[in-house]
Amino acid sequence: MGVLPLVLLLGSLFLCGRVQALSSAMDVLKQDALQWDGSATCSKWDCDCPFSRQRGCCCAASEMYQVEEESFKRIKCLWEKTTSLSSRVNALSDGFKVSFKATMDPNMAALIPGSTERCFGPFNTNVPIPLSKVTLNSGNGYNPSLGVFTATCPGVYMFSFTTFSSVPEGGRLYHKVQLMKNGKVGAGVWENNREDAEDSATQVVVMEMQRGDQVYLELLSGRKLCTNMDYNIFTGHIVYPYTE
């Protein structure tokens with residue numbers, strides 16, 4: 001055998017021995033890794049595990065867990081905001097469907113003994129005015145039997161009422177009508193003279209209402225509304241609801 005073939009043979013045996021040794025070393029590392037009970041140390045950008053220095057092993061899992069946690073928190077926050085927005089939209093949609101218009105029934109007027117006047121009143125106490133002819137009642141907040149509007153949702157409302165009375169020549173216009181909120185005066189119109197045969201007055205009021213608050217018109221004791229009862233009008237609607 002020549003020198004060159006002998007060198008090649010020895011080189012091959014040497015390389016095979018190195019490969020086998022390296023393979024044995026890798027097997028030992030794998031077995032040790034499987035039996036490892038401690039925690040793996042990781043740096044922020046590159047994995048710095050005891051058994052391998054390949055980029056992304058244990059550190060990638062940690063970062064992915066963090067991304068997952070942050071994504072979950074953001075999705076949860078977005079869901080809560082979407083739910084809140086949906087509730088507010090529903091509240092606005094329902095809130096804007098509140099309005100009513102009612103007038104007095106002419107049959108509410110009765111003939112006053114000793115005169116030709118047909119009037120509602122006078123009474124010996126303050127009396128709610130029963131405006132029972134309803135032409136609009138969106139939201140069903142107005143009760144025509146009682147003449148009372150009950151707020152179905154909190155918000156700012158606008159109410160208006162027109163009071164009309166007419167008496168024969170030489171008669172006396174004598175009335176006072178008040179808008180009442182939960183039993184307290186909110187606004188009023190009145191007349192007391194013998195110079196005019198008829199009188200009409202209108203009030204417009206904007207007020208805050210909570211759910212369940214009530215408003216109605218009240219005729220003061222000793223006063224009266226005469227003739228054309230259907231000229232007495234009571235209206236109301238919501239300006240904007242509260243959504244919180």
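I took strands as DSSP runs (E, at least two residues), numbered from the N terminus, and two strands as paired if DSSP finds at least two bridges between them.

I worked on a predicted model, in which local features need pLDDT of at least 70, side-chain atom pairs count only at pLDDT 80 or more, and totals for chains, interfaces and linings use all residues. Residues are numbered from 1 along each chain as its sequence is written, and side-chain values use heavy atoms, with hydrogens and water left out.

I then examined E1 (residues 99-103), which pairs with E14 (residues 233-241) over five bridges in the antiparallel sense. Ala 102 stands opposite Phe 234 in E14. Thr 103 also lies in strand E1; I recorded Thr 103 as buried because its relative accessibility is 13% (buried means under 20% relative accessible area, with a 1.4 Å probe and protein chains only). Beyond its neighbours within four places in sequence, Thr 103 has contacts that include Leu 131, Lys 133, Asp 230 and Ile 233 (heavy atoms within 4.5 Å).

Notes: Helix = DSSP H or I, 4+ residues; strand = E, 2+ residues; numbered from the N terminus. Buried < 20%, exposed > 50% of the residue type's maximum accessible area, 1.4 Å probe, protein only.
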